[in-house]
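This report describes selected features of a model and the confidence attached to them. The sequence and structure are shown first.

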Amino acid sequence: MKNVFIDLEKCIGCRHCEVACAIEHSSGKELFSMYFEVPRPQPRISVKLGVDLMTFPNKCQHCDPAPCMEVCPVNAIFRDVKTDTVQVQEERCISCGMCAMVCPYGAIQYQVRPNLPNEVAYKCDSCISRLENGKEPACVEACVTNALVFGEYNEIIAEKQRGISLNLTREIQGYKEEEMPENIKAFRALQRKVAQLGPLPSSQNKINVNEKIKGASKRWISH
Amino acid sequence: MDKSLIKLKVEERTIDESAKPLLERTLEEGIETAWDRLEKQQPQCGFGQLGLCCNRCSMGPCRIDPFEKDGPKRGVCGADADLIVARNLLDDLVTGAAAHSDHGREVVETLLMTAEGKSQGYEILDKEKLYTVAKEIGITTEGRNDTDIAKDIALSFLEEYGTIKNSIDLSKRAPEPTQDKWAKAGILPRSVDREIVEAMHRIHMGVGADYANILLHGLRASLSDGWGGSMMATEVSDILFGTPEIKESWVNLGTLKEDMVNIVLHGHNPVLSEMVVKAVKEQEMVDLAKQKGAKGINLVGMCCTGNELLMRRGIPIAGNLLNQELALATGAVDVMIIDYQCIFPSITQVASCFHTKIVSTSEKSKVPGAVHMEFHPETAYDTAKNIVKLAIETYEQRNPDRVKIPAKPVKMMAGFSVEAIKKALGGTFQPLIDAIANGSIKGAVGMVGCNNPKIKQDYGHVTLGKELIKRNILVVETGCAAIASGKAGLLLPEAADLAGDGLKSVCHALGIPPVLHMGSCVDCSRILVLAAELAKALNVGIDQLPLAGAAPEWYSQKAVSIASYFVASGVYTVLGLPPKIFGSKNVIDLLTSGLNDVVGATYAVEPGPVAAADLIEKHIDSKRKDLGI
């Protein structure tokens, strides 16, 4: 299974992935011309704020089995066998909203497309045309910190396991090597404190008003 | 939005009781404020926050991967994280220094025009200061009239901006050991403009790659602000408008009046506002206001223009940075006059929800949607009167049903210039020095800086202030910090009851609050002068004194400059929000420890007010120990 792996600790909220995604899905595939396209291309990846000023780049994970695909009454959503990705056939979409309702990541939204009368489901297509040309998705290419990595999941995870083994054993032997640079750790600690002192979401004993208002509460996490 | 959620949101945003009902109104009515914009800006880019984004030239923009192992380590030009962070910090710093110093220049220009008889409505109000300053910078006073002396001071100060004598006169006010440190480090400020221009040069691509060299220049540029541009702004404002004396006044959004024409003076420069203060007293204006059904004209300040007027005239002050949109949301402001700095570009949008007019007055600071009535010293008084007339006319359009004035104002005491403090102490600093020596006052902290919506409004200032006075540490304040303390009742002699026993007894004996309002943000120069006076009395450098600086809620580039001239002058300074330096371990190390060997002080970052008080107390204790007291 080849997919985009998200290394949460490395996301610093620059939203470069969002811009790259919108450019990739524009007709000119270029930043400056993109701003003049109607409708303006929208990103299919979304970086949102979590607690303590941490961020999470959220996108379709191309599940298998994919709940969206299973509930679609008109078979507008299908699996592309070659790339093992979940795709939307926009012309068939009847804007019923079922796929968006069942998506565990909230990764499906609706958008006007050129030459279609209705707002249709749009989501990450894993940059299928790039994949077909042997390239990785645009968001992955744009990610400077490698918070987004494209590859065989088992390989990525094996790599991660090797790192964990090395770190744990090093630590036991008294040679602790920090994965995270010291200055970034200090910065994250300060951000945690800032979040505690103000209106931005904090992990520390505070009612999170924004969560409540937007209804983005526990029911999504229980999936 | 659900009412109970609005209430929760309000509680997260501010501790200012007068702000709460208006914040509620903005949320109910969909009037956008800085807090809403902060929310919409999330997430904010981490490269920018870490100082790792370089957007200076067109080979870029470049950013450095902060996680060391994988991504790019250098920009296209080859700059590494240390260099990019240092360039960015220097850029912020001199933007602040330029803002202060340019404000100073306008005040000095007004003095020159006044001396030449070309300005309208101004006079030299503080002759004592005129003579003191003249003497200090070597201008003969004997047998000369005031205007001649004033002209010489003005010309001499204007020259400081581009002087070729390679030193700034007022920096000689620093105690010798402090000046020696500057000389040794090669950071003696040479002229105001030169340091700023040189900084802009140094952040151009290919002008040096040594982060430490760049940051040392930052210290020099900050000194040219603190002991130059800002100090000239303070001194000349005193000459023109009077040196502040202790006085009582009122603070918070409740200073706006339902039955009067309300004029808010917002920004930083007192030159036009002083004329507005004069104009509203004219019988013609008062009569006109009454004719339109108002009981009179109510003038209130906002931010540092407000502080200037409060310090010298006792004009009530409506609030600090985050109160500006809320003041408009009362629906009771007829005209808000703006000069420059810290004015949210969105205020005309908030004003458009009501009858309120925003009047811009500076050629430098135009805002779409504002009425522009440009200020010039030659016609200042006429302009002031025209603006007051406009306010009275606008009052007629006020919708009484939309007026919501929240709370009663809080009483406060202000006007603690260095001269006023000395007078309160009986004409000499000895009682203060004795109190510090015998430990009833442990030390002093200059708490300055802004509001920042990332931190609950005023919470940082007020919590740290209370924590410090409890530990017998005297707090002196300027800017938004002072206004925060005023709203919380800390600028009253009664607040001494919240202080530790030692500080409490000193405050009771002198009848002063434990937190002293020393003025606007350019008046941080007053804090430098006070520190210099204490150091000279003890025959030491400023860095040896039990002093510290704090900016718990800072946002602005001016705060970067202030923090830097505090540190460069030898004052350990704790910032409540991380500056954009955390992308470079080397820069952090230099600023938080390496500088100790250079200037005898460092920066620290600590958002938590109690933890910040711990750091400050520890620092003050160690300085006391070194002094043997």
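Which residues does B:His619 touch, not counting residues up to four places away in sequence? B:His619 touches B:Leu547, B:Ala548 and B:Tyr572. B:His619 belongs to helix α26 of chain B, which spans residues 609–627. With a relative accessible area of 13%, B:His619 falls under the 20% limit and is therefore buried.

**Confidence and overall description**

The structure is a predicted model, with an ipTM of 0.88 and a pTM of 0.94. Chain B has an average pLDDT of 97, and 100% of its residues score at least 70. For chain A the mean pLDDT is 89, with 91% of the residues at 70 or more. Residues 216–223 of chain A have a pLDDT below 50, and this stretch makes four contacts in the model beyond near neighbours in sequence. Where pLDDT is low, predicted coordinates should not be read in detail.

Chain A contains ten helices and eight strands. Along the principal axes, its C-alpha atoms fill a box of roughly 60 × 40 × 40 Å. Of the 223 residues in chain A, 43% are buried. Among the contacts in chain A with a separation of 6 or more, 53% are between residues 24 or more positions apart.

| Helix pair | Crossing angle | Axis distance |
|---|---|---|
| α11(B) and α13(B) | about 50° | 10 Å |
| α10(B) and α13(B) | roughly 45° | within 12 Å |
| α19(B) and α26(B) | roughly 45° | within 9 Å |

Helix α26(B), which holds B:His619, packs with helix α19 (residues 459–470) of chain B at roughly 45°. That angle makes α19(B) oblique to α26(B). The crossing of α19(B) past α26(B) is right-handed. On the α19(B) side the residues are B:Tyr459, B:Gly460, B:Thr463, B:Leu464, B:Glu467 and B:Leu468, and they meet B:Pro609, B:Val610, B:Ala612, B:Ala613 and B:Ile616 in α26(B). By class, the residues of this contact divide into eight nonpolar, two polar and one charged.

Helix α13 (residues 303–313) of chain B packs with helix α11 (residues 270–279) of chain B at an angle of about 50°. The two helices, α11(B) and α13(B), are therefore oblique to each other, and α11(B) passes α13(B) in a right-handed crossing. The contact involves B:Pro270, B:Ser273, B:Glu274 and B:Val277 of α11(B), together with B:Thr305, B:Glu308, B:Leu309, B:Arg312 and B:Arg313 of α13(B). Three nonpolar, two polar and four charged residues make up the contact of α11(B) with α13(B).

Helix α13(B) is also crossed by helix α10 (residues 211–241) of chain B, at roughly 45°. These helices, α10(B) and α13(B), are therefore oblique to each other, in a right-handed crossing. From α10(B), B:Thr234, B:Ser237, B:Asp238 and B:Phe241 take part, and from α13(B), B:Glu308, B:Arg312 and B:Arg313. The contact of α10(B) with α13(B) has one nonpolar, two polar and four charged residues.

**Loop residues and backbone features**

What does B:Pro66 contact, leaving aside its neighbours within four places in sequence? B:Pro66 is in contact with A:Ile12, A:Thr145, A:Pro181 and A:Ile184 of chain A, and with B:Phe47, B:Leu50 and B:Leu52 of chain B. B:Pro66 sits in the loop between β2 (62–63) and α5 (81–115) of chain B, and counts as buried at 6% relative accessibility.

Another proline of chain B, B:Pro61, is in the loop between β1 (53–54) and β2 of chain B. The peptide bond joining B:Gly60 and B:Pro61 is cis, with omega about 0°. In chain A, the bond from A:Val38 to A:Pro39 is cis, with omega near -10°. A:Pro39 is located in the loop between α2 (31–34) and β2 (46–49) of chain A.

Positive phi values in non-glycine residues complete the description. A:Asn146 has a phi near 60° and lies in the loop between α6 (138–142) and β8 (148–152) of chain A. A:Asn146 has a relative accessible area of 27% and is partly exposed. B:Cys342 has a phi of about 65° and is found in the loop between β7 (335–338) and α15 (347–351) of chain B. B:Cys342 is buried, with a relative accessible area of 16%.

Definitions and conventions:
Residues are numbered from 1 along each chain as its sequence is written. Chains are lettered from A and ligands numbered from 1 in the order in which they are written. This is a predicted model: local features need pLDDT of at least 70, side-chain atom pairs count only at pLDDT 80 or more; totals for chains, interfaces and linings use all residues. Side-chain values use heavy atoms; hydrogens and water are left out. Axes are lines fitted to C-alpha atoms, for helices over the stretch in contact, and angles run from 0 to 180 degrees between N-to-C directions. Helices (H or I, at least four residues) and strands (E, at least two) are DSSP runs, numbered from the N terminus. Angles under 35 degrees count as roughly parallel, over 145 as roughly antiparallel, 65 to 115 as roughly perpendicular and the rest as oblique. A crossing is left-handed if the near helix is turned anticlockwise from the far one by less than a right angle, and right-handed if clockwise. Contact means heavy atoms within 4.5 Å. Ala, Val, Leu, Ile, Met, Phe, Trp, Tyr, Cys and Pro count as nonpolar, Asp, Glu, Lys and Arg as charged, and the others, Gly among them, as polar. Buried means under 20% relative accessible area, exposed over 50%, partly exposed in between (1.4 Å probe, protein chains only). pLDDT is the predictor's confidence in each residue, from 0 to 100.
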